Amino acid sequence: MQMLTAGAAAPEFTLQDQNGEMVSLSQFKGKNKVLVYFYPKAMTPGCVTQACSLRDSKGELEALNTVVLGLSPDPVKKLKGFEEKKELNFTLLSDEDHAIADAFGVWGPKKFMGREFDGIHRISFLVGEDGNIEHVFNKFKTKDHHDVVISYLKGD
């Protein structure tokens with residue numbers, strides 16, 4: 001697993017969102033910063049906490065010219081259920097074959113409850129308006145992820 005670092009060009013991607021629409025990273029270039037956040041699985045406790053905190057911070061993120069794209073290996077139908085059940089107000093993208101997670105270097109070996117498997121590591125990338133990775137967020141708790149991102153964006 002070779003994770004991308006700040007300064008690297010963000011890999012271009014086009015994926016289906018929770019509504020079956022195609023969304024490309026390039027559509028934000030020159031307009032917005034993009035928080036590309038990878039999460040393991042919709043509707044799991046940590047992922048719900050992280051997503052709901054981002055939902056509740058949408059206004060503040062928008063004021064900082066930042067759009068949120070959440071990526072997981074979940075199918076579109078599951079993402080739609082996650083959006084509806086938790087009243088999410090940002091884009092969720094389906095990376096079922098984890099090709100984009102591989103490209104960002106966040107797919108790899110994990111351990112959970114004594115079991116080893118490959119999966120997505122909970123890491124977020126702030127992609128600048130120029131299409132390059134501005135910052136990597138890899139040290140946070142799910143409950144304070146939004147605060148860490150907002151503090152960085154504000155320059156705190």
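This is a predicted model: local features need pLDDT of at least 70, side-chain atom pairs count only at pLDDT 80 or more; totals for chains, interfaces and linings use all residues.
Residues are numbered from 1 along each chain as its sequence is written. Local features need pLDDT of at least 70 and side-chain atom pairs count only at pLDDT 80 or more, while totals for chains, interfaces and linings use all residues, and side-chain values rest on heavy atoms, with hydrogens and water left out.

Helices (H or I, at least four residues) and strands (E, at least two) are DSSP runs numbered from the N terminus. Strands pair if DSSP finds at least two bridges between them. Strand β3 (residues 33-38) runs parallel to β4 over 6 bridges, with V36 opposite L69 in β4. Strand β5 (residues 91-94) is also parallel to β4, joined by 4 bridges, and there S72 has S94 as its bridge partner. From β4 the chain passes through helix α3 (residues 76-86) to β5 in a right-handed β-α-β crossover (clockwise from the first strand over the helix to the second, with the strands pointing away from the viewer).

Turning to the rings, Phe, Tyr and Trp (its six-membered ring) pair if their centres lie within 6.5 Å; planes under 30 degrees apart are stacked, over 60 edge-to-face and the rest tilted. The count comes to 8 aromatic pairs. One of them joins F104 and F125, whose centres are 4.9 Å apart with planes at 55°, so this pair is tilted. It links distant parts of the chain, as F104 in helix α4 (residues 99-104) and F125 in strand β8 (residues 124-127) are 21 residues apart. Both F104 and F125 are buried, and together with F13 and F38 they form one aromatic cluster.

Terms used
Buried means under 20% relative accessible area, exposed over 50%, partly exposed in between (1.4 Å probe, protein chains only).
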